[in-house]
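Me: I have a structure open and want to learn how to read it. Can you take me through it feature by feature?

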Amino acid sequence: MRTKPTVAAVLLTAGSLLLPSVPAHAATATVTVDFTKPVTTLEANDYGLDITGYGNQRYITNDATHRENVRRQGFGVLRMELMYDANGRLVCGGSYCDTAITGGAWVAAIRELGAEPMLILPADGRRTRAEDLADAKNIYNHFKATGTPVRKFIYGNEHDNSGNPKKMTADEYSARYNLVHDALHALDSAVQVGGPALASYEPQFGTPYMDTFLTVSGSRVDFIDYHDYGAGYARYTPEELLTTVIDGYRSDIADLKARTARLTGRDVPIQIGEWNMDYSDPDGTLMLSHLATVWGASALGTMLQSGVATLLYGDKNGSAAKNTGLGITSTEGEGGIPVSAPTPIYHGLGMFTGEGLFRHFGTTMVSTASSSNLLRAFASDGAKNIVLVNAATTSTTTTLNLTGYPTGTAQVWQSTETAGTPHQTGTVTIANRTATLTLPARSVTTLILPTT
């Protein structure tokens with residue numbers, strides 16, 4: 001289990017990253033990185049992806065191009081919803097997803113990609129508790145019978161969402177969660193069951209769904225899951241998306257940690273089971289632009305730094321009328337991107353994972369600070385990488401001050417408006433713990449520091 005930062009540590013880190021800001025037109029900034037001050041440890045399962053079952057016949061089960069692009073990100077966990085159809089077959093459970101492919105084929109494909117499967121279990125307020133419980137046990141036993149049991153589950157999906165026909169009250173959901181949790185743990189003590197899989201982090205809407213769940217199920221829950229789409233219920237300018245919205249992730253996570261400690265007396269792992277820049281982008285203006293790369297890197301770095309696991313939504317979802325570009329590869333050539341080729345947010349993740357091009361982000365996040373609220377910095381030890389996200393609309397000359405790394409020549413990899421795929425632009429020399437480089441406008445830069 002990862003070492004979680006305390007709420008105080010999260011808030012301290014937040015403060016260190018939000019020093020008094022410089023004007024948006026400022027051409028210079030200073031970033032400090034202290035490799036001797038760990039913030040949180042990272043695990044493979046902190047980098048996750050949702051498998052949607054949408055893809056117009058091109059999926060991880062049958063599309064070599066899409067499958068290889070997913071593989072290059074090195075996701076530690078892949079989540080999918082399964083259900084039993086009218087004929088008793090275990091199939092994809094998402095609305096309108098492709099049910100011709102069996103649940104076994106999906107899980108086999110997930111494992112072939114080197115990831116751990118995480119399954120959303122059926123939960124429906126229109127059915128009895130006994131029916132939900134039976135499905136949960138049957139799904140566990142289905143995979144146990146193959147000799148490779150699945151051990152990570154989420155009970156249900158977005159039952160707080162008024163538009164969900166399967167919705168149920170917080171009290172009812174929590175009571176059913178307890179039944180499912182206890183039954184699966186009785187079958188296998190290594191099983192983990194998460195919840196409540198809320199559609200959003202809801203305190204601002206006055207709905208105490210999470211509080212009820214933590215009160216009723218807090219002694220049991222193995223990990224807390226909720227969804228957080230950046231634009232959410234309002235429209236933001238690009239500047240707001242890259243500042244206010246990103247800061248909201250940090251504050252929501254810190255708030256949930258405090259609420260969990262208060263209501264359960266436990267330090268419960270948290271995952272954001274769905275996230276993206278928006279859940280709806282009909283014309284692809286945001287999702288298919290380079291802004292999604294810059295935003296995605298900022299969001300991922302902020303979530304990881306706050307000590308939570310992340311699952312991006314999703315692998316494909318680009319053809320639905322309201323969900324253009326909501327996937328890491330193209331579904332039908334949207335935005336002029338070839339089918340199954342990476343979309344912009346793919347490269348936002350790639351500036352951390354390396355996309356098979358350069359070294360993956362390290363296993364320990366360390367302390368960083370920036371003199372500008374338009375320049376975010378994330379750094380790791382265990383492999384000394386530095387990710388710099390320049391949200392400004394102008395290039396920024398940046399001075400790096402490093403503690404714990406005196407000298408070396410780092411590779412410079414960048415994703416820019418004119419060249420979105422990560423590419424090496426040269427090197428930068430670190431001398432006397434200091435380096436200077438210029439970051440292009442609206443860009444993501446990853447420095448790969450040599451280990452010796």
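Reply: Start with burial. A residue counts as buried when its relative accessible area is under 20%. This model is predicted, so keep that in mind throughout.

Me: Is Q271 buried or exposed, then?

Reply: Its relative accessible area is 5%, so Q271 is buried. Q271 belongs to strand β9, residues 270–276.

Me: Which residues does Q271 touch, leaving out those up to four places away in sequence?

Reply: A contact needs heavy atoms within 4.5 Å. By that test Q271 touches M118, I154, F223, I224, D225, Y226, A309 and L311. A197 and Q271 are 74 residues apart along the chain, yet 9.4 Å separates their C-alpha atoms.

Me: How do I read a pair of aromatic rings?

Reply: Two values describe such a pair: the distance of the centres and the angle of the planes. This structure holds 14 aromatic pairs. Take Y177 and F213. Their ring centres are 5.2 Å apart and the planes meet at 80°, so this pair is edge-to-face.

Me: Which parts of the chain does that pair tie together?

Reply: Y177 is in helix α5 (residues 170–187) and F213 is in helix α6 (residues 209–217), so the pair ties together parts 36 residues apart in sequence. Y177 has 0% relative accessibility and counts as buried. F213 is also buried, at 0%. Ring pairs also build a cluster: Y155, Y173, Y177, Y209 and F213.

Me: Where does the charged end of K384 sit?

Reply: Over the ring of F35, 5.4 Å from the ring centre.

Me: Now a helix end. What does the side chain of T264 do with backbone atoms?

Reply: T264 is in helix α7, residues 238–264. A polar atom of the T264 side chain lies 2.6 Å from the backbone oxygen of T260. A polar atom of that side chain also lies 3.0 Å from the backbone nitrogen of R266. Beyond four places in sequence, T264 touches L214 and G218. With 17% relative accessibility, T264 counts as buried.

Me: Let me zoom out. What does the whole chain look like in numbers?

Reply: Begin with secondary structure: 9 helices and 18 strands. The C-alpha trace spans about 65 × 50 × 40 Å along its principal axes.

Me: What share of the residues is buried, and what share of the contacts joins residues 24 or more positions apart?

Reply: Of the 452 residues, 59% count as buried. For contacts, consider those with a separation of 6 or more. Residues 24 or more positions apart account for 75% of them.

Me: And the surface?

Reply: The accessible surface comes to about 16,500 Å². Carbon and sulfur atoms hold 53% of that area.

Notes: Residues are numbered from 1 along each chain as its sequence is written. This is a predicted model: local features need pLDDT of at least 70, side-chain atom pairs count only at pLDDT 80 or more; totals for chains, interfaces and linings use all residues. Side-chain values use heavy atoms; hydrogens and water are left out. Helices (H or I, at least four residues) and strands (E, at least two) are DSSP runs, numbered from the N terminus. Buried means under 20% relative accessible area, exposed over 50%, partly exposed in between (1.4 Å probe, protein chains only). Rings of Phe, Tyr and Trp (its six-membered ring) pair if their centres lie within 6.5 Å; planes under 30 degrees apart count as stacked, over 60 as edge-to-face and the rest as tilted. A charge sits over a ring if NZ of Lys or CZ of Arg is within 6 Å of the ring centre and within 35 degrees of the ring normal. Accessible areas come from the Shrake-Rupley method with a 1.4 Å probe; for residues, only the protein chains shown count as cover. A polar contact is a pair of N or O atoms within 3.5 Å; within protein, one must be able to donate a hydrogen and the other to accept it, and residues adjacent in sequence count only if both atoms are side-chain atoms.
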